[in-house]
Amino acid sequence: MSLFDQYLKKECRYCNSKLPHAILELGIQPLANSFIKKDEAENSEFTCPLTITRCTHCGLVQLTHIVPADLMFSHYLYVSSTTKTFQVHFAEYAKDLKERSFKKENLLAVDIGSNDGLLVSCYMKEGMKALGVDPAKNLAEDANKRGITTINNYFNEETVAQIKREYGNADIISGNNVFAHIDDIQSVCKNVANLLSDTGIFVIEFPYMAVMLEDMVFDMIYHEHVSYINITPLKYLMSQHQLEIFDIKKVASHGGSLRVFIQKKAGVYKVTDTVTRYLNEEEQKGYNKQQTYIDFSDRVANVKTTLLEFVNTAKKENKTIAGYGAPAKGNTIINYCNFTPEQINFIVDDNPMKQNMLTPGAKIPVVNSQYLAEHPTDYVIIFAWNFAEEIIKNNKQLKEKGIKFIVPLPKPEII
Ligand SMILES: [Zn+2]
């Protein structure tokens, strides 16, 4: 019996098959978003194995241990409006959905996991009636204060009944970076099928598992992401709920995500060739084979070795190292490599909610960008590598001073 057995997932959430042994183990890690207040540094942290496996029946890659949702989502630090990239992203997202919609007027849009309400506000700007659903109390309260109707709950039967009663069926249901977060996804799909109008669009956005395989972005693995999704298993899941994928669009956010458009089976939208193309590609590239994932695991271990060698060599030469960006995913790399504040002295992040906190596990202090300007280090590892270009551009003067920036993935590189 292990202390962590209570979190062990025995069956696949897409197909109920018994799950095989682990493919990749990233160690026992704290929650990637649980930044620590400095005066609470000595308190013990919640930790759980961060390990993935792959269902051999339906092909879904998933965590072996599931942390109860309340521990992760009841107070959430990530606020989507903090970056300009996301503001533009969601404005385009809302516009695209309106253009695609079969129904043209009086649209009702529901955003699942609406965070601070950014996408809901974009729906409103497109003239739709819109509301968000989010379990994080602090974010929901704040959104409601700003006039963005947000139901503070999980997207469950009760929430759906409330929406149907007060607003009717939804023409658009969206879930951005939530679909991969939900353990009981069968209930969510059932509730979506119940809330969606006959001409409605269910649209989800999630980091594409194939991208993780190709670009080695294994830092997308953290406890909040319970599923790592390819189109093949997703299609299978949807078919169980009389839903079908009718289009797929590639999006750049989070280093390579997919936006997948879903409708009720045999609905009004034409199923595009893109869907078949993705399915064929996954088959041809070996993404439906177990061995592909075992090879991936070996490559991840190599990244760790390279990063550790780099940091150890730098420390031997008395060089100093800072980090740039304290996204949740950065903590996966940091804790997988067991980095300490002696190795990485501090991490810069623009989110004021993270500043003056310590990173979970490693307990590296998070500071604002001014601090780096005043305390320049020899190296800066960019953990928010998807914003590397923006970060380097904004810190040109540091680069001119001779500070070297390092992007850790797909393989550690000085740029
Ligand atoms: Zn399965």
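Helix H2 (residues 84–100) and helix H3 (residues 118–125) cross at roughly 45 degrees, their axes coming within 9 Å. That makes H2 oblique to H3, oblique being what is left after under 35 degrees (roughly parallel), over 145 (roughly antiparallel) and 65 to 115 (roughly perpendicular). Heads-up: this is a predicted model, where local features need pLDDT of at least 70, side-chain atom pairs count only at pLDDT 80 or more, and totals for chains, interfaces and linings use all residues. Residues are numbered from 1 along each chain as its sequence is written.

**H2 and H3**
- The crossing is right-handed (the near helix is turned clockwise from the far one by less than a right angle).
- On the H2 side the contact uses Phe86, Gln87, Phe90, Ala91, Tyr93 and Ala94, and on the H3 side Leu118, Leu119, Cys122, Tyr123 and Lys125 (contact: C-beta atoms, placed from the backbone, within 7 Å).
- Those residues split into 9 nonpolar, 1 polar and 1 charged.

**H5 and H6**
- Helix H5 (residues 157–166) and helix H6 (residues 185–195) have axes that come within 10 Å and cross at roughly 10 degrees, which makes H5 roughly parallel to H6.
- Glu157, Val160, Ile163 and Lys164 of H5 meet Asn191, Asn194 and Leu195 of H6.
- This contact divides into 3 nonpolar, 2 polar and 2 charged residues.

**The sheet**
- An open sheet of 6 strands runs S16-S14-S13-S17-S18-S19, with mixed pairing (strands pair if DSSP finds at least two bridges between them).
- S16 (366–367) and S19 (413–414) are at the edges with a single partner strand each, so one side of each lacks a neighbour in the sheet.
- S17 (residues 379–382) pairs with S18 (residues 404–407) in the parallel sense over 3 bridges, and Tyr379 stands opposite Lys404 in S18.

How values were computed:
Helix = DSSP H or I, 4+ residues; strand = E, 2+ residues; numbered from the N terminus. Axes fitted to C-alpha atoms, helices over the stretch in contact; angles between N-to-C directions. Contact = placed C-beta atoms within 7 Å. Nonpolar A, V, L, I, M, F, W, Y, C, P; charged D, E, K, R; others polar.
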